[in-house]
Structures are given as C-alpha cells and as structure tokens.
Amino acid sequence: MNREVYNSYIGMCSSVSESSKAKAKALMKAVSTFQKMRKTAMGLDSFTYTAILKAIEYLMPVGPKREASIEEIFQMCIDDGLVNFQVLNRLQRVAPLSNLWPDSDI
C-alpha cells in the first residue's frame with residue numbers, strides 16, 4: 001500500500017460517529033496506522049498530519065490528554081519540516097493556538 005491509502009484510512013477513522021467506545025477504537029486504529037507509517041520508509045507527509053489531527057479532533061474527548069497529543073503531533077510535524085497551511089488550519093480547529101502557547105501573544 002502507499003501513503004495516500006494510509007492517509008485516507010486515517011481520515012476515514014475520523015468519520016466514526018457512534019458511541020464513545022467506537023470512537024476510541026477508531027482513534028486507536030488511526031494512531032496505530034500513523035505510528036506504522038512513521039516507522040516505515042513510506043514516511044509521512046502534511047496530509048498524514050492533517051488526517052491524524054482531524055482524527056484527534058473528532059474522536060478524542062477534550063482534556064489534558066488530547067492537548068498533550070496535539071502538542072506531540074504538531075512537534076513531530078515541525079521536526080519533519082511538514083508544517084503547511086492545511087496543517088495549521090486543522091491545528092487551529094482542534095486547538096486554538098493560544099491553548100498550545102499560552103504565554104505568547106497569539
């Protein structure tokens with residue numbers, strides 16, 4: 001399989017709208033796929049980061065664990081040099097920038 005297929009799968013996980021148990025299972029699958037991609041030569045792209053942020057937005061309850069996950073994923077995206085408009089747009093939806101950097105003037 002190629003990166004586009006995996007990206008689509010992560011995005012598809014975001015569409016689960018049933019019970020919190022189903023959402024948790026979908027989130028686990030999305031994160032597992034993200035981690036698998038990260039470990040392979042296939043690597044990640046900005047669409048991968050956008051998809052995993054969307055999965056977190058729709059599937060993970062608001063709270064400290066969600067904020068920590070968002071920060072970790074965004075830092076990976078920065079480290080990989082893959083931050084672009086789409087990633088920032090999704091990031092702003094899932095966590096206002098002022099939440100990520102509370103001491104800044106953003």
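1. Reading from the N terminus, the elements of the protein chain go α-α-α-α-α-α. That gives 6 helices and 0 strands. Please keep in mind that this is a predicted model. Of the 106 residues in the protein chain, 38% count as buried. Among contacts with a separation of 6 or more, 64% join residues 24 or more positions apart.

2. A word on confidence before the details. The average pLDDT of the protein chain is 89, and 90% of the residues score at least 70. Among the elements, α3 has the highest mean pLDDT, 96, while helix α6 (residues 97-100) has the lowest, 56. Where pLDDT is low, the predicted coordinates should not be read in detail.

3. Which residues touch the most other members of the largest nonpolar core? They are Phe-34 and Tyr-49, in a core of 26 residues. Two or more residues each come from α1 (3-13), α2 (20-39), α3 (46-59), α4 (64-79) and α5 (85-94). The biggest share is that of α3, which gives 7 residues.

4. Setting aside neighbours within four places in sequence, Phe-34 is in contact with Ile-10, Leu-44, Thr-48, Tyr-49, Ile-52, Ile-73 and Met-76. Tyr-49, in that list, is the other residue with the most core partners.

5. Now to α2 as a whole. This helix has 20 residues and spans 28 Å from its first C-alpha to its last, close to the 28 Å expected at 1.5 Å a residue. Its buried residues are Ala-26, Leu-27, Ala-30, Thr-33, Phe-34 and Met-37. Viewed down the axis of α2, these buried residues fall within an arc of 125 degrees, so they line one face of the helix. An α-helix has 3.6 residues a turn, so residues three or four places apart point the same way.

6. What do the buried residues of α2 pack against? Their partners are α1, α3 and α4. On the other side of α2, Lys-21, Lys-25, Met-28 and Lys-39 are exposed.

7. Thr-33 sits in helix α2, and it counts as buried because its relative accessibility is 9%, under the 20% cut-off. Not counting residues up to four places away in sequence, Thr-33 touches Tyr-6, Tyr-9 and Ile-10.

8. The other threonine is Thr-50, in helix α3. Thr-50 is also buried, at 18% relative accessibility, a value under the 20% cut-off. Leaving out residues up to four places away in sequence, Thr-50 touches Gln-86, Val-87 and Arg-90. The C-alpha atoms of Thr-50 and Leu-91 are separated by 8.0 Å, although these residues are 41 residues apart along the chain.

9. Are Cys-13 and Cys-77 buried or exposed? Cys-13 counts as buried at 6% relative accessibility, and Cys-77 is buried with a relative accessible area of 1%. A disulfide is a covalent bond between the sulfur atoms of two cysteines. The count of disulfides in this model comes to 0, taking sulfur atoms within 2.5 Å as the rule.

Definitions and conventions:
Residues are numbered from 1 along each chain as its sequence is written. This is a predicted model: local features need pLDDT of at least 70, side-chain atom pairs count only at pLDDT 80 or more; totals for chains, interfaces and linings use all residues. Side-chain values use heavy atoms; hydrogens and water are left out. A nonpolar core is a set of buried Ala, Val, Leu, Ile, Met, Phe, Trp, Tyr and Cys residues joined through side-chain atoms within 4.5 Å. Buried means under 20% relative accessible area, exposed over 50%, partly exposed in between (1.4 Å probe, protein chains only). Helices (H or I, at least four residues) and strands (E, at least two) are DSSP runs, numbered from the N terminus. Contact means heavy atoms within 4.5 Å. The expected span of a helix is 1.5 Å times one less than its number of residues. The arc is that of the directions from the helix axis to the C-beta atoms. pLDDT is the predictor's confidence in each residue, from 0 to 100.
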